[in-house]
Amino acid sequence: MFENLASSFSALGLGYLALTAWPLAKTDILQRRLPNKYVLPAFPITLLGQVLAGAAGGNWWNMLWATLAMLITFTVALGVNRMGFLGMGDVKLMAVMALALGWYSAALPIVALFISFLIAGVVAMALVVLGKMKLGGSMPLGPYLLVGFFGAITVGAWS
């Protein structure tokens with residue numbers, strides 16, 4: 001019984017990100033930003049779910065791995081932000097995705113980012129070839145990060 005309860009609690013972060021995916025993607029496409037009002041609440045909601053899951057099921061190691069995944073992702077993404085290649089909204093979204101996915105597997109945050117950047121790269125190349133974007137131009141990354149997030153959930157469900 002407690003294992004099912006722990007699973008439900010651990011999914012709070014996933015659920016919150018799934019519920020806010022549309023407003024995040026839409027805002028990023030239209031305004032080129034990922035609003036803090038959607039991204040920042042994902043951190044305490046995800047952490048609360050993981051603390052409750054740890055208490056219900058004793059999965060404290062999962063929380064440690066999720067936190068490490070978040071810290072590593074945030075550090076690397078912040079470095080890329082400082083080089084001017086990512087916005088801070090992207091950095092925060094990547095970090096909270098790593099926190100939510102890292103509970104289930106240390107590989108899922110990597111899978112999510114791989115899917116995200118693969119699809120974004122293909123789309124960017126197509127836009128350059130079609131003359132819709134200049135080489136070195138920018139595009140909103142949030143929608144691609146969210147596609148990668150859902151892709152990683154799908155991969156995790158099949159594992």
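Helices are DSSP runs of H or I with at least four residues, and strands are runs of E with at least two, numbered from the N terminus. The model is predicted, with local features requiring pLDDT of at least 70 and side-chain atom pairs pLDDT 80 or more, whereas totals for chains, interfaces and linings use all residues. Residues are numbered from 1 along each chain as its sequence is written, and side-chain values use heavy atoms, without hydrogens and water.

**Exercise 1. Compare the span of α5 with its expected value, and identify its buried residues and their packing partners.**

Step 1. The expected span of a helix is 1.5 Å times one less than its number of residues. Helix α5 (residues 60–82) has 23 residues and reaches 33 Å from first to last C-alpha, close to the expected 33 Å.

Step 2. Met63, Ala66, Ala69, Met70, Thr73, Ala77 and Asn81 are the buried residues of α5.

Step 3. Contact means heavy atoms within 4.5 Å. The buried residues of α5 pack against α4 (42–57), α6 (88–102) and α7 (108–129).

Step 4. After α5 comes Gly84, with a positive phi near 90 degrees.

**Exercise 2. Characterise the packing of α2 against α6.**

Step 1. Axes are lines fitted to C-alpha atoms, for helices over the stretch in contact, and angles between N-to-C directions run from 0 to 180 degrees. The axes of α2 (residues 12–31) and α6 come within 11 Å and cross at roughly 160 degrees. This angle makes α2 roughly antiparallel to α6, a term for angles over 145 degrees.

Step 2. In α2, Gly13, Leu14, Leu17, Leu24 and Asp28 meet Asp90, Leu93, Val96, Met97, Ala100 and Leu101 of α6.

Step 3. Nonpolar covers Ala, Val, Leu, Ile, Met, Phe, Trp, Tyr, Cys and Pro; charged covers Asp, Glu, Lys and Arg; the others, Gly among them, are polar. The contact of α2 with α6 has 8 nonpolar, 1 polar and 2 charged residues.

**Exercise 3. Is Gly102 buried or exposed, and which residues does Gly102 touch?**

Step 1. Gly102 is found in α6 and, at 2% relative accessibility, counts as buried.

Step 2. Not counting residues up to four places away in sequence, Gly102 touches Asn62, Trp65, Ala66, Ala69, Met97 and Pro109.

Note on methods: Buried means under 20% relative accessible area, exposed over 50%, partly exposed in between (1.4 Å probe, protein chains only). Angles under 35 degrees count as roughly parallel, over 145 as roughly antiparallel, 65 to 115 as roughly perpendicular and the rest as oblique.
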